[in-house]
Every structure is written in C-alpha cells, then in structure tokens.
Amino acid sequence: MTGTAEKTQALWERFEKTRDTDARNELVMSYLHLVKFIARRLLPTYHKHVELDDLMSSGLLGLMDAIDKFDPSKEVKFETYATLRIRGEIIDQIRKQDWAPISLRQKIKRIENGYAELEGKLGRSVTEREVAGHLNMSEDDVKKTLDESHTFNVMCLDEVLVDRMKSSELLISREETPEESLENQEMLNLLAKYIDTLGEKERLVISLYYYEELTLKEIGLTLGVTESRVSQIHSKAMMTLRGKLTAAINA
C-alpha cells in the first residue's frame, strides 16, 4: 500500500470512528479529482445550460453525501459509489432547471412516436427521411430536432439510471433482494436486446459515448462526421431505446 493509500485508509478509519469534521474535509480533498473528472466529462453535453462551476458545485455536494453515507462493509469501492452519487447530484440539479421548452418536448415526443410506429410496422431500423415522410415533416426539421434534443435525451437516460440507484439504494444500507436482482437483470437484458436492434452507426455511437466515454466531438473525429451528425445519430438511438423500454415497462 502506497503512502497516499495508507493516509486515505487512516482517514477513513478515523472518520468512521469519530465522524470528525476535519477528517471528513480531508477525505473531500482526497477525492475532489472525481468531481473534476465527472464535471468535465458532462460539460460538453450540458454546456448550453450550465457552467463548469455549477457542475463542480453540485458534484461536490454529491461527494460530501457519498462520504457521509458510504458503508465499507458492503465491499464496494468508494470510487464506484461516489461516482454514482456525484453524477446523480449533478443530474438532479440540471433537471430542476426544466430548460427544455414545451414545444421542443412535444416535437421530440412526436418524432419518438414516429420512430416507434414505423419501426414496429417495418420491423427494422428506419432513417430520418422515412420518419419525416411518415410524419409529414421535412427531413431537415427532423434532423434539427434530433440535434436539439441531444441534451434532453441524455438527461432522460441519466434520470432513469439515477432514479433506479436512488430507489434501490443497494450500495448504501442493505443487500439487494432477489426480486431487485431479477428486476435489474431483466432491465439490463432488455436494454442489451434493444441496442442490438439499432443500426450499425447507432450502436457504435452508443458504445463510444457510454462505454468508451468519448465526447461527441471525439466520436465525430473517429467516424469522420460532424459533431452535429453524431448528436443526431445519438438522439435517434435514444428515442428508439426510450420508446421500446417504456412500451416494455408499461406492457
């Protein structure tokens, strides 16, 4: 164990025994890099609506909450738990702003339903042009809405993940029940199944964005397309996934 790791472990032991404020503050400083990393990764998605300082402030609250609630006996790495809490607090603060106009939300919902209807009818992934024709919209209008809805779509997925984490609290105070384990596994299986039905480019963008954690700009450079086009592809994928998951949950 390195000197830094030994010092951090000693701080945790001191904090667990005494709940000492100074030890808590030192732990915050030890893990502040997590807040900076997460805030900077989220900034490209939400920069039109919040500043980096706002993300950092929200993330700091999440880190402090994670330190107070963390239970080492659950055998989960603190970094893993803290990342969920930090991201969750940031998303909570952003969604409270309710930045998306009603007109945009209505148009997003209309296009989302259009994708669901057409793909259900044809049994395959469909293009923006096909959806535009189905809805009597111009292809440019569909693409523009997909581009504008990127932040909304990412936030919706983040909200689902954050809400599931909060409702189960599996890492905080108790063991996962068999029912919760089955429910979580079924959700993961459904999501994997629906991702497999996406088009090749959509699957690739989802993989690069959520698993490789590349920004839209980085994905664009990788695929040789514009950042705006990546945003459109991502939004189409999110609309399709959200529509199918909602239908499955409500079935």
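This is a predicted model: local features need pLDDT of at least 70, side-chain atom pairs count only at pLDDT 80 or more; totals for chains, interfaces and linings use all residues.
Which side chain meets that of R85 in a salt bridge?

1. Residues are numbered from 1 along each chain as its sequence is written, and side-chain values use heavy atoms, leaving out hydrogens and water.

2. The partner of R85 is D65, at 2.6 Å from N to O. A salt bridge here is a side-chain nitrogen of Lys or Arg within 4 Å of a carboxyl oxygen of Asp or Glu. The pair links distant parts of the chain, with R85 in helix α5 and D65 in helix α4, 20 residues apart. Helices are DSSP runs (H or I, at least four residues), numbered from the N terminus. R85 counts as buried at 13% relative accessibility; buried means under 20% relative accessible area, exposed over 50%, and partly exposed in between, with a 1.4 Å probe and protein chains only.

3. A salt bridge also joins R14 to D20, their closest N and O atoms being 2.8 Å apart. R14 is partly exposed at 34%, as is D20 at 25%. Together with E26, these residues form a network of salt bridges. The whole structure holds 13 salt bridges.

4. The largest nonpolar core has 27 residues, of which W12, L63, I67, F78 and I86 touch the most other members. Such a core is a set of buried Ala, Val, Leu, Ile, Met, Phe, Trp, Tyr and Cys residues joined through side-chain atoms within 4.5 Å.

Definitions and conventions
Helices (H or I, at least four residues) and strands (E, at least two) are DSSP runs, numbered from the N terminus.
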